Amino acid sequence: MKYTITIVFAAVLSVILAAPLDNSQTAHILHQSADVQPDGYNFDWETSDGQKHEEEGTLTNPGAENEAIAVHGSFSFTADDGLVYTVNYVADENGFQPQGAHLPTPNN
């Protein structure tokens, strides 16, 4: 449970810190929802400037020493070049794993 609160707080804080500081345009929230339960959470939002974020976290191994939150989600935004970029991600015992057409991939 303590990890759930920490993960939700970190996710919301990262969204706030990732927002652009351009004061010339003010975005408005078009949609926002959230649901936090003892065994997981989910949220999503969309703003008038085209930003979107959805995420779901599920408690894994509840009550065990290796209890954790497994997270998956995606976010998108319109960049300065006018293109919409989307990042899909998973965050679990293997770390944060983002995927997007614009992101480099490691050579295997």
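This note goes through the sheet, its strand pairings and its aromatic contacts.

1. The model is a predicted one, in which local features need pLDDT of at least 70 and side-chain atom pairs count only at pLDDT 80 or more, while totals for chains, interfaces and linings use all residues. Residues are numbered from 1 along each chain as its sequence is written, and side-chain values use heavy atoms, with hydrogens and water left out.

2. The order β1-β2-β3-β4-β5-β6 describes an open sheet of 6 strands with antiparallel pairing; strands here are DSSP runs (E, at least two residues), numbered from the N terminus, and two of them pair if DSSP finds at least two bridges between them. Because β1 (29-37) and β6 stand at the edges with a single partner strand each, one side of each is left without a neighbour in the sheet. On average, and with direction ignored, neighbouring strands of this sheet are turned by 10 degrees against each other, the axes being lines fitted to C-alpha atoms and angles running from 0 to 180 degrees between N-to-C directions.

3. Strand β3 (residues 52-60) pairs with β4 in the antiparallel sense over 9 bridges, and threonine 58 stands opposite alanine 70 in β4. Strand β4 (residues 68-78) in turn pairs with strand β5 (residues 84-92), again antiparallel, over 8 bridges. The hairpin of β4 and β5 has 5 residues between the strands, and in it glycine 82 takes a positive phi near 85 degrees.

4. Strand β5 runs antiparallel to strand β6 (residues 95-99), to which 5 bridges join it, and these two strands form a hairpin with 2 residues between them.

5. A search of the whole structure finds 4 aromatic pairs, where rings of Phe, Tyr and Trp (its six-membered ring) pair if their centres lie within 6.5 Å, and planes under 30 degrees apart count as stacked, over 60 as edge-to-face and the rest as tilted. Tyrosine 41 and phenylalanine 43 are stacked, because their ring centres are 6.3 Å apart and their planes at 10 degrees. Tyrosine 41 is buried at a relative accessible area of 3%, as is phenylalanine 43 at 12% (buried means under 20% relative accessible area, exposed over 50%, partly exposed in between, with a 1.4 Å probe and protein chains only).

6. The rings of tyrosine 89 and phenylalanine 96 have centres 5.6 Å apart and planes at 40 degrees, so this pair is tilted. Tyrosine 89 is buried at 7% relative accessibility, whereas phenylalanine 96 is exposed at 53%. Phe75, Tyr89 and Phe96 form one aromatic cluster.

Key. Helix = DSSP H or I, 4+ residues; strand = E, 2+ residues; numbered from the N terminus.
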